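I opened this notebook to record, in order, what I looked up in the structure. The entries stay with what the coordinates show.

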Amino acid sequence: MNFSSRLRRIPFWSWVWFILGTLYFLLPLYATLDFSLQMERDVIGLKAYEKAFEDKDFIETFTYSNLLAIATIVMSIILIVPTAYWIRLRLPEARRIVEFLTLMPFVVPAIILVFGLIRIYSSSVMIPFTDIVLIPPLTNYKFGTNILVVAGYMVLAMPYMYRSVDTGMRTVDVLTLTEAAQSLGASWFTIITRIILPNIRAALLSGALLTFAIVVGEVTLASFLGIDAFGPYLFLLGQHRAYEPAALSFVSFILTWIAMGLIQLVTGGQGQTTGAH
Amino acid sequence: MAEIALPTKKKSIFSSDLKKWLGVMPFFLFALLFLILPSLRLFVGSFTNEEGQFTFANVTQLFTEQSILDAYWLSIRISAVTAIGGGIFGFLLAYSVTVGGLPRSLRSALITFSGVASNFAGVPLAFAFVATLGRTGIITAVLDHYIFQKYFGIKLYQTGFNLYSFLGLSLTYMYFQFPLMVLIMTPALDGLKREWREAAENLGATSLQYWTQVAMPVLLPSLLGSMILLFANAFGAYATAYALTGGTLPIVTIQIGAQIRGDVLHNPGLGYAMAMGMVFIMAVSLAGYSWLQKKSERWLK
Amino acid sequence: MAYLSISNVTKQFGDTVVVDNFNLDIEKGEFVSFLGPSGCGKTTTLRMVAGFEIPTSGKILLDGKDITDKAPNQRNVGMIFQSYALFPNMTVSQNIGFGLRVRKESEATIKQRVDEMVGLINLEKHANKYPYQLSGGQQQRVSLARALANRPQVLLLDEPLSALDAKIRVSLRAEIRAIQKSLGITAIFVTHDQEEALSISDRIVVMNVGEMEQVGTPFEIYNFPKTRFVANFVGSLNTSDAEVVDPAKGFVSVDGVKFTAAEGTENRKKGDKVKIAIRPERLSFASEHKKANVVDATIENITFLGSVVRIQVKIGNTKFNMDTFNNPFLELPRVGSKEQVTCSKEAVLVLDE
């Protein structure tokens, strides 16, 4: 009759695409799960998971990656929240350049970033034209490497963290909130801790979860900087084991799912995506 | 009076400006140390020879060294195939849950799926595909049993198919490519106003005329832009390819990785140039994406 | 035989009746407004004429032909949307020519008609611009031209002015009316704005929760509302509880203060509870000239509204608004002073409680 009513008939092709998409999405997961349950011959069981979780190296690298993720999240918040706040409040003219910088990691993928980081920080950084050492070679000792890794992760997470925080600040209109708080006599400390942070906590949480999803399984920076994180561990495990890596891959997937689910929850469905691999 | 007042005024503006900019200094310092300097190092390095002198040789060598050209060409092909394939498939999925008439609940399910899948990459994704389409993968077994051995008398892997190849890597990349497309195209399709369709009908247009003359032209910038983004997304991918093929498929990122580990090109400058070439392609892609996105937003706000 | 005839049309969405037994005949060249609050079914009725909704029952005849079940792209009916609905990928000219292009008219016809339409809405200078480069008012004019380019038999306007600024709204409304008159086109105009409906229409259909409350000229609707809903919705109104004192003479009492109504009491009994309604502009001070009703009132509040001064008075225990035209020589009473207020018998509307 007319096409609005025609659309209300069973949308055959839509179902076809949807089912194909679902299959593409679920089959690898099903295959991984199925494979991970077959460690013992003729028995379906959780043996591979037991083995994987028991491994001392797993516990160590996984804990380490989580610590790195937490460090990255905390440092990112400390760096980005005041910057984004200051730009909204006093320095809108810096918006363009800061936004440009936060988007640069899209142009400089992880492999290029780590290339540059290694070339710069594997030797001392000097003040130009002098012999004064500004930064000693960071890759030579563990603490230095950790700084480098966390900084690298902060760069990788920057586009998402900044966008998340900035959107959060725009939606609650921090400028008006700040002026209202000031007119009521609040101090700067009170304004930041009692007004701004609580109001952008959904944005912070979603940025943090996304950072977590990026960092915990990250393999490029970790392996080139030679740290014992979960990503390189899983890769090595895959070289000489079959079932445990499948089990851990499935677990990784569940973790990603949880992180994304929580983001959906805290942002009310306005999910984000990293889209950089 | 004026001559005296002017400089003081200028000075106060300057100092308050300086104070304002101090607030963003930590951020600029961080970006300088961990983003700009490393990039600059590679940039300068790509114009420096082994004696430390300025040269264009590295950049020109990019275009003469067959292995490098092959690597770029392979990366470009994989990225283009997964961008176009993932783009079309993702668009059809986004279409099916927006204007395609599927129930509302499926839409939120698909969006959640896509959020997860577009973030699921690297080693776990590679392993998942090994378990699916690897030599002993489940789908491999199913395809062998029900199709290949039954009708052709051979196994899938005897046809020349290999997960650790161009096709295999492309199929793996598709896993995060099409969900990314879904996430970008869903809002764009939502931007198609119901009134446009009604206005077109009201003016006598058929459904086909509406799609070819209104909906598709309106969506085109967004569609193209998203595919370019998908291209860049695949072009910069390293971990998934490395975990899947272990470095046997010489795409650009894998080559750069080998160069970092140990100067396989026997010329550090050439390695930097190769990295810069990649940054250049990424930058051009993303500039194209953001230009098209702006054009699209003007129409679909 | 009317040009457009909507008869016994009912529309249900599931169990909800959105339009209930709608009957209306519209003459050729007539401008009819559907007026009512949101959810009253006015837009649904319009969309049934356009073909975007199919009536659950009833018939729609256009120029003698049944169009009830015809697809929207098979009827020659022009529609204007609240959100303009211009195609963003086309220029002004391309938008206007769209309907002619999909009907495969010749290039020459398209060009000639587009030029004519662009001239009609005075946008010659903007013919090659894109919609996002135009103001809201200009966009809606393009939308009007686009609908008219097809030479539709009926023009349907779905709250076309609601998204615009107050000033543009008034000027564009006059422009729409002028163009409609000059082309002699039949038009249905949906709005929730009573001033808009009163100023633009030949006839108004007031609707409420799916039903037609009253059909009449703007003059009839405003001055002789048949239902309490119409009286309340169109224009501002003082209402008060009252009791019938003498049905034959039209006497009613508000807190013991007696009013005489011209009609509305004859079918009631003494002691019946009713509502009376008086428009603010029908009340005036009795010092000027006295009418049938003269009552004592206390001045409560005076608000200056520009061309009108609104005086709130208390009659008995009920507050009434009284509107007086502003003029520089107006002598206003003091707040708290006692005055006499008057109105005619015809001004007192007696309505069901």
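**Numbering and confidence.** I number residues from 1 along each chain as its sequence is written, with chains lettered from A and ligands numbered from 1 in the order in which they are written. This is a predicted model, in which local features need pLDDT of at least 70 and side-chain atom pairs count only at pLDDT 80 or more, while totals for chains, interfaces and linings use all residues. I noted an ipTM of 0.89 and a pTM of 0.85 for the model.

**Chains A and B.** I looked up the contact between these chains, taking two residues as in contact if their C-beta atoms, placed from the backbone, lie within 7 Å. On this criterion 67 residues of chain B meet 69 residues of chain A. Helix H2 (residues 25-45) of chain B gives the largest share of the chain B side, 11 residues; helices here are DSSP runs of H or I with at least four residues, numbered from the N terminus. By class, that side of chain B holds 46 nonpolar, 18 polar and 3 charged residues, where Ala, Val, Leu, Ile, Met, Phe, Trp, Tyr, Cys and Pro count as nonpolar, Asp, Glu, Lys and Arg as charged, and the others, Gly among them, as polar.

**Helix H10 of chain A.** I then turned to H10(A), where 12 of the 16 residues are buried, that is, with 20 or more other C-beta atoms within 10 Å of their own. The buried residues include A:Leu204, A:Gly207, A:Phe212 and A:Val215. Among the elements that cover them are helix H4 (56-89), helix H7 (142-172) and helix H13 (243-267) of chain A.

For chain C, the domain assignment gives domain 1 (4-232) and domain 2 (237-351), with bounds that come from an automatic or database assignment. Their contact takes 4 residues from domain 1 and 5 residues from domain 2, and I noted that the C-alpha centres of the two domains lie 39 Å apart.

Methods
Helix = DSSP H or I, 4+ residues; strand = E, 2+ residues; numbered from the N terminus.
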